[in-house]
Amino acid sequence: LAEKWSKVRSIRKKVTEAIELKRQEKEIGSSLEAAPTVWLGNEAHLWDSDDEATQDLQSVDFAEIFITSAASVNLGLPPSWTAEDGLAGLWVSVDKAEGEKCARCWKILPDVGTHAAPGVCGRCDRAVA
């Protein structure tokens, strides 16, 4: 368990740094406007797809951990990988979240406005109901 959360904290640190760069470049305002994608390569032996702690990462809601509207974590190398990219087998790409801003949780999600309660996402619609 400690190994799993140590990995989660190290991933979160790199994602936070990448989000801050996008904020400085004025591409996003808050972290809730971000949808990071993370690739965990195993060439540096930090992320091993056979490792139980790495496999446990699939149970983590990284959007909540990163405080973003969406997030994905992939095992393997990113598309268009080069040897100079990444740091110790960890690559982060930050895109702008797609959708509209939920009036309740402020996350930017594609399903906002498609539920009974106006202007909210599915999770908030269930909470309001």
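## Confidence in the model

Helix α2 (residues 52–56) has the lowest mean pLDDT among the elements of the chain, at 67, while strand β5 has the highest, at 97. The chain as a whole averages a pLDDT of 85, and 82% of the residues score at least 70. Where pLDDT is low, the predicted coordinates should not be read in detail.

## Layout of the chain

The chain holds 4 helices and 5 strands. Read from the N terminus, the elements follow the order α-β-α-α-β-β-β-β-α. Of the 129 residues in the chain, 35% are buried.

Contacts across the sequence are well represented here. If you take the contacts with a separation of 6 or more, 64% of them are between residues 24 or more positions apart.

## The nonpolar cores

The largest nonpolar core has 15 residues, and Ile11, Val38 and Phe62 touch the most other members. Helix α1 gives the most, with 5 residues.

## Salt bridges along helix α1

The salt bridges in the model come to 6. One of the pairs is Glu17 with Lys14, whose side chains meet at 3.6 Å, N to O. Glu17 and Lys14 are 3 residues apart in helix α1, so about one helical turn separates them. Glu17 counts as partly exposed because its relative accessibility is 38%, and Lys14 is also partly exposed, at 24%.

Glu20 and Arg23 form another salt bridge, with a distance of 3.5 Å, N to O. Both residues lie in helix α1, 3 residues apart, or about one turn of the helix. Glu20 is partly exposed, with a relative accessible area of 37%, and Arg23 is partly exposed at 34% relative accessibility.

Glu64 lies in helix α3, and Lys107 sits in the loop between β4 (100–101) and β5 (108–109), so the pair ties together parts that are 43 residues apart in sequence. Glu64 is partly exposed at 39% relative accessibility, whereas Lys107 is buried, with a relative accessible area of 13%. Salt bridges that share partners join Glu64, Lys107 and Arg123 into one network.

## His115 and its surroundings

His115 is found in the loop between β5 and α4. With a relative accessibility of 27%, His115 counts as partly exposed. Its side chain makes a polar contact of 3.4 Å with the side chain of Thr114. A polar atom of the His115 side chain also lies 3.1 Å from the backbone nitrogen of Gly122.

Not counting residues up to four places away in sequence, His115 touches Val120, Cys121, Gly122 and Asp125. For His115 and Asp125, which are 10 residues apart along the chain, the C-alpha atoms are separated by 6.5 Å.

Asp125 has its place in helix α4 (residues 122–128). Which side chain of opposite charge is nearest to Asp125? It is that of Arg126, 6.5 Å away. A salt bridge needs a nitrogen and a carboxyl oxygen within 4 Å, and Asp125, though buried, has no salt bridge.

What does Asp125 touch, not counting residues up to four places away in sequence? The residues are His115, Ala116, Ala117 and Val120. Val120 is also touched by His115.

Technical notes. Residues are numbered from 1 along each chain as its sequence is written. This is a predicted model: local features need pLDDT of at least 70, side-chain atom pairs count only at pLDDT 80 or more; totals for chains, interfaces and linings use all residues. Side-chain values use heavy atoms; hydrogens and water are left out. Helices (H or I, at least four residues) and strands (E, at least two) are DSSP runs, numbered from the N terminus. Buried means under 20% relative accessible area, exposed over 50%, partly exposed in between (1.4 Å probe, protein chains only). Lys and Arg count as positive and Asp and Glu as negative; His and the chain ends are not counted. Contact means heavy atoms within 4.5 Å. A nonpolar core is a set of buried Ala, Val, Leu, Ile, Met, Phe, Trp, Tyr and Cys residues joined through side-chain atoms within 4.5 Å. pLDDT is the predictor's confidence in each residue, from 0 to 100. A polar contact is a pair of N or O atoms within 3.5 Å; within protein, one must be able to donate a hydrogen and the other to accept it, and residues adjacent in sequence count only if both atoms are side-chain atoms.
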